[in-house]
Every structure is written in structure tokens, then in C-alpha cells.
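Open the model in your viewer and keep the sequence panel beside it. The tour below goes from strands to core to pocket, one selection at a time.

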Amino acid sequence: MNNPAADQVYAVARLYRLQWEPVQNAHVLLYPEGMVKLNPSAGEILKRLDGRRSVAEVARDCESAFATRGLLDDVLAFLDAALEQGWVRRVA
């Protein structure tokens, strides 16, 4: 377990490139050996991981975009899984 925290900052790992794939109708992570098709929540979180905003800011932005509250725990859980997969890296 990587224990991401609300005050930490993350970005997509250098090996991966996040993009919208119209054929898949989804965000995907491209890497030299292939592609990972992301579910809508994962795509929304990853596109906000710009290496500048904290996890808490990303969660607030998602809450604002989708008119909901209480997403921080979900974002942290996703980040833990994304770190295990090597999709993201901690910047600060």
C-alpha cells in the first residue's frame, strides 16, 4: 500500500500518455507495450493530475465538475491502485 495523502501532488507516470480515444469512447493510457482503457472515473481523475494540484484540489475539482461531495476517499483509493500499477508518480 502506497498511502497517498490529500496534500500530495501526482502526475501521470512518464512511461504513459493519457488521451481521449474516440474509438474506445474513453480515456486511455498509452504505453510502449499497449494501452489501458480507463473507466470514466479513472479518466476524470487522471486528467486532473497535472503535477501542480494536490490530491485534495483534484478531489474538489471533481466534486465541482460533477455536483457532488465527499470524493476525496475515492480519489485516494484510486491513486493507491494507480500507484500499484505504475500509472502515476508522486511529484511533491
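**First stop: a pair of strands**

Select β3 (residues 26–31) and β4: the two pair in the antiparallel sense over four bridges. Helices (H or I, at least four residues) and strands (E, at least two) are DSSP runs, numbered from the N terminus, and two strands pair if DSSP finds at least two bridges between them. Now pick Val-28, whose bridge partner in β4 is Lys-37.

This is a predicted model, in which local features need pLDDT of at least 70 and side-chain atom pairs count only at pLDDT 80 or more, while totals for chains, interfaces and linings use all residues. Residues are numbered from 1 along each chain as its sequence is written, and side-chain values use heavy atoms, with hydrogens and water left out.

**The two sheets**

The three strands form an open, antiparallel sheet in the order β2-β3-β4. Its edge strands, β2 (17–21) and β4 (34–37), each pair on one side only. From one strand to the next the twist averages 35°; axes are lines fitted to C-alpha atoms, and angles run from 0 to 180 degrees between N-to-C directions.

Next, select β5, β1 and β6. They make an open sheet of three strands in the order β5-β1-β6, again with antiparallel pairing. Here β5 (50–54) and β6 (88–90) are the edge strands, and the twist averages 30° from one strand to the next. Three bridges join β1 to β6. Click on Val-12 to find Val-88 of β6 opposite.

**The core**

Which residues have the most contacts inside the largest nonpolar core? Select Leu-29, Leu-46, Trp-87 and Val-88; the core has 24 residues. A nonpolar core is a set of buried Ala, Val, Leu, Ile, Met, Phe, Trp, Tyr and Cys residues joined through side-chain atoms within 4.5 Å, and buried means under 20% relative accessible area (1.4 Å probe, protein chains only). The largest share of this core, six residues, comes from α3.

**Last stop: the largest pocket**

Select the lining of the largest pocket, including Asn-39, Cys-62, Phe-66 and Phe-78. A pocket is an open set of points on a 1 Å grid where a 1.4 Å probe fits, with protein on both sides within 12 Å along at least five of seven lines; lining residues have an atom within 4 Å of a point. Five lining residues, the largest share, come from α1.

Methods
Buried means under 20% relative accessible area, exposed over 50%, partly exposed in between (1.4 Å probe, protein chains only).
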